[in-house]
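Take a look at the structure below. We will walk through its charged pairs and then one meeting of helices.

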Amino acid sequence: MNFKNITVAGSGVLGSQIAYQTAFKGFQVTVYDINNEALERAKDRLVNLKHRYQEDLGVNVTEVNDAYNRISFCSDLAKAVADADLVIEAVPEVVQIKTDFYKHLGQVAPVKTIFATNSSTLLPSQFAEATGRPESFLALHFANEIWKNNTAEIMKHPGTDMKVFNEVVEFAKAIGMVALPLYKEQPGYILNSLLVPLLEAAQLLLVKEVADVETIDKTWMIATKAPQGPLAILDVVGINTAYNIGRAKAEATGDQEFKKLADKLKTEYIDKGKLGVATGEGFYTYPNPSYLEEGFLKG
């Protein structure tokens, strides 16, 4: 594995985390997004990550600043990938957006460049042909807050070259992840095969008005000793991601409950700027959500 230059395409919550973790481990990283406004927001996220690394990992100011200084920003895709050994795609969970992105990427990236999708729910085989280089394409999925939850699921599709697969496994290890190889496609990988049903169940309880946000989360936290409930987890993931997944499921299945869910997330959260932790409000208000308050799990 001779990767040196990594491009992260998509500078949202997880894209920014992937970029910073990769830079923290010594790689040169380019963050690509569609315009400079998006990149300015990414810079704010990355500056905040410097503080999180110091708090959570006990590293010093020099280390976090050095990591940030290994990151550059670009809104021109051809320039962003001009010397990339690996492109990690973290654009929205919308099939057409990803398909269009890969068609463009395949035209401008060097022949050497390997492509990896960080999609949470979509399969690499859905986009393999659009890349123009299916043998050099696979999935590389990270858990949120990757500096602490350091898993990397590497999933091939039937056309992925095993040499490429093994190189990406080694890259995952090189950026401090526990590499988890998946040799067959599985929607949701391992983590989301376990997690997504929980998050969907919690959202459907909410949309059916079975219980409120705090009661749903409190139930899970007390019963399992988990530090967060499912709706608090969704605030970290981002309400936009939950909406895109819910809308896609509604369109694919015709399930009216998921349509109601997508409508609720859009009108009551997204349209009001409540996107989760990133904007300071989602199901909870940050930086001091009620589920962290003393006594939340009592009475």
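**Salt bridges and a helix contact**

Lys-43 is partly exposed, at a relative accessible area of 26% (buried means under 20%, exposed over 50%, partly exposed in between, with a 1.4 Å probe and protein chains only). Its partner in a salt bridge is Glu-40, with the closest N and O atoms 3.1 Å apart. Such a bridge puts a side-chain nitrogen of Lys or Arg within 4 Å of a carboxyl oxygen of Asp or Glu. Glu-40 is partly exposed too, at 43%. Because they lie three residues apart in helix H2 (residues 36–57), Lys-43 and Glu-40 are separated by about one helical turn.

This is a predicted model: local features need pLDDT of at least 70, side-chain atom pairs count only at pLDDT 80 or more, and totals for chains, interfaces and linings use all residues. Residues are numbered from 1 along each chain as its sequence is written, and side-chain values use heavy atoms, leaving out hydrogens and water.

Arg-52 forms a salt bridge with Glu-145, at 3.3 Å between the closest N and O atoms. This pair links distant parts of the chain, 93 residues apart: Arg-52 sits in helix H2, Glu-145 in the loop between strands E6 (137–142) and E7 (151–155). Helices (H or I, at least four residues) and strands (E, at least two) are DSSP runs, numbered from the N terminus. Arg-52 is partly exposed. Glu-145 counts as buried, at 17%. Shared partners join Arg-52, Asp-56, Glu-145 and Lys-148 into one network.

How many salt bridges does a search of the whole structure find? It finds 16.

Now the helices. Leu-195 and Leu-198 are among the residues of H8 that meet H10, where the partners include Pro-230 and Leu-231.

Note on methods: Contact = heavy atoms within 4.5 Å.
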